[in-house]
Amino acid sequence: MRGSVNAQRRVLTVLVVSQVLSGAGLAAGITVGALLAEEMLGSTSLAGVPTALFTAGSALAAVAVGRISNRRGRRPGLALGYLTGALGSLGVLVAAVADNAVLLFVSLFVYGAGTATNLQARYAGADLAAPGRRARAVSTVLVATTLGGVVGPNLAAPTGALATSLGIPALAGPFLLGGTAYGLAALVLFVWLRPDPLLAARAAPAEPVATGPEAVRSGLPLGVTVMVVTQLVMVAIMTMTPVHLVDHGHGAGAAGLVIAVHVAAMYLPSPVTGWLVDRFGAIAVAVASGVTLLAAALVAAAAPGSSVGLLTLALALLGLGWNFGLVSGTALITDAVPLGVRAKVQGQVDVSIAISGTTGGLASGVVVAAVGFGWLALVCGVLALVILPAALPPIARSRAAARSAAQPAARSAAQPGR
């Protein structure tokens, strides 16, 4: 028992270090990807393409990382994913210097592997965790992304200056940071993620968890729905917020600040969210996700383009709603899927998440160009409400199961002599 606890602590420590590094790489593309494409292409309607591309790339990477992890363990899967993201960052730098839009798009697609790996790492935190503490283990890995994710966007200006001194366009500067951060994250995982958490979990005595047909029928569809909807809504609004700010006279520094707050809200509340899931159940937190995303959309729609404060609040709520959805959805899926195929299924689920993000990124630029940022936010708010009816069938089944379990106890207590 003690050995298992020590192994879990070591795994979480290594994952935390890698997530701090990868958070900086993740935030680089979020902050300037849309602005770089707009500068190179001269069109706002295509500003959502970078986010769509690296989100689409993350879909392919999620399959690869999931399958490699399922066969050979988390260590090679995660390390290879981050290394691929680093190569994508290098390609973006070359594309910016050459002013080659085709190479930029290809490189952003490859860069998406870092995004997929950053998300897949949360599953590794839960592999060796006790069933009642899995959500908190997932949250520990997620919150580690906060430091790099908050620092990264605020380095947009300094890395832009460094890039300019090297003959690279300023907006490509954050990808210098992204490539370095992803490369270091890959090195940390490959060298120090021992024991491999997934392989160690398979070798350990089986834990009594609810992975039967009913658990899969209840948890898997709801978990997928929650994470797909939250990803689509979050990516769509987040992608166009920097463009919206710049169009209203704000600089890259203001956009970086708003995105930094957003990324902090995506990851910083994770310990509290994990505790809420373990204490009150994943379904309750999933419902809270839909409500919070609706609030974010309404604030974003009502905020004037000149108000950095209100847009910061909207993006903070957007990040919090995404956090509620990711942690609760991850807990639902992890508890529902047997250990032998868990990594493979988790990779397939993350493909659905990536596809929804791709849809949000592609559609966001088109919608803003056609009808404006406010309407984009309102449409996303309506989509967030899909989570609420999706949660009703599992709630009904949980209540029915509780009543069925209570009836034998009540009959036993009513019998004479008992």
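The model is predicted, with local features requiring pLDDT of at least 70 and side-chain atom pairs counted only at pLDDT 80 or more, while totals for chains, interfaces and linings use all residues. Residues are numbered from 1 along each chain as its sequence is written, and side-chain values use heavy atoms, without hydrogens and water.

The secondary structure of the protein consists of 16 helices and zero strands, where helices (H or I, at least four residues) and strands (E, at least two) are DSSP runs numbered from the N terminus. Of the 418 residues, 53% are buried; buried means under 20% relative accessible area, exposed over 50%, and partly exposed in between (1.4 Å probe, protein chains only). The accessible surface comes to about 16100 Å², and 70% of this surface belongs to carbon and sulfur atoms; areas come from the Shrake-Rupley method with a 1.4 Å probe, and for residues only the protein chains shown count as cover. Among contacts (heavy atoms within 4.5 Å) between residues at least 6 apart in sequence, 86% join residues at least 24 apart.

In soluble globular proteins, nonpolar side chains tend to be buried together. A nonpolar core is here a set of buried Ala, Val, Leu, Ile, Met, Phe, Trp, Tyr and Cys residues joined through side-chain atoms within 4.5 Å. The largest such core has 98 residues, of which Leu15, Leu78, Phe175, Leu189, Val233, Leu318 and Phe373 touch the most other members. Helix H9 (residues 213–247) supplies the largest share of this core, 13 residues. Another core, of seven residues, lies apart from it and includes Ala61, Ala62, Ala116 and Ala354.

Leaving aside residues up to four places away in sequence, Phe373 touches Ile237, Met240, Thr241, His244, Ala300, Leu311 and Val368. Phe373 is also among the buried residues of helix H15, together with Leu376, Ala377, Cys380, Gly381 and Ala384. Viewed down the axis of H15, these buried residues fall within an arc of 140°, so they line one face of the helix; the arc is that of the directions from the helix axis to the C-beta atoms. Trp375 and Val382 are exposed on the other side of H15. The 12 residues of H15 (residues 373–384) should span 16 Å at 1.5 Å a residue, and the end C-alpha atoms are 17 Å apart, which agrees. The expected span is 1.5 Å times one less than the number of residues.

Rings of Phe, Tyr and Trp (its six-membered ring) pair if their centres lie within 6.5 Å, with planes under 30 degrees apart counted as stacked, over 60 as edge-to-face and the rest as tilted. Tyr111 and Tyr182 form a tilted pair, 5.7 Å centre to centre with 55° between the planes. This pair links distant parts of the chain, with Tyr111 in helix H4 and Tyr182 in helix H7, 71 residues apart. Tyr111 is buried at 0% relative accessibility, and Tyr182 is buried at 0%. Trp275 and Phe280 form an edge-to-face pair, 5.9 Å centre to centre with 85° between the planes. Trp275 is partly exposed at 42%, whereas Phe280 is exposed at 51%. Tyr82, Tyr111, Phe175 and Tyr182 form one aromatic cluster.

Most residues other than glycine have a negative phi, and most peptide bonds are trans. Asp99, not a glycine, has a positive phi of about 55°. Asp99 lies in the loop between helix H3 (74–98) and helix H4 (101–126) and is exposed at 56% relative accessibility. Arg194 and Pro195 are joined by a cis peptide bond, with omega about 0°. Pro195 is in the loop between helix H7 (174–192) and helix H8 (197–203).
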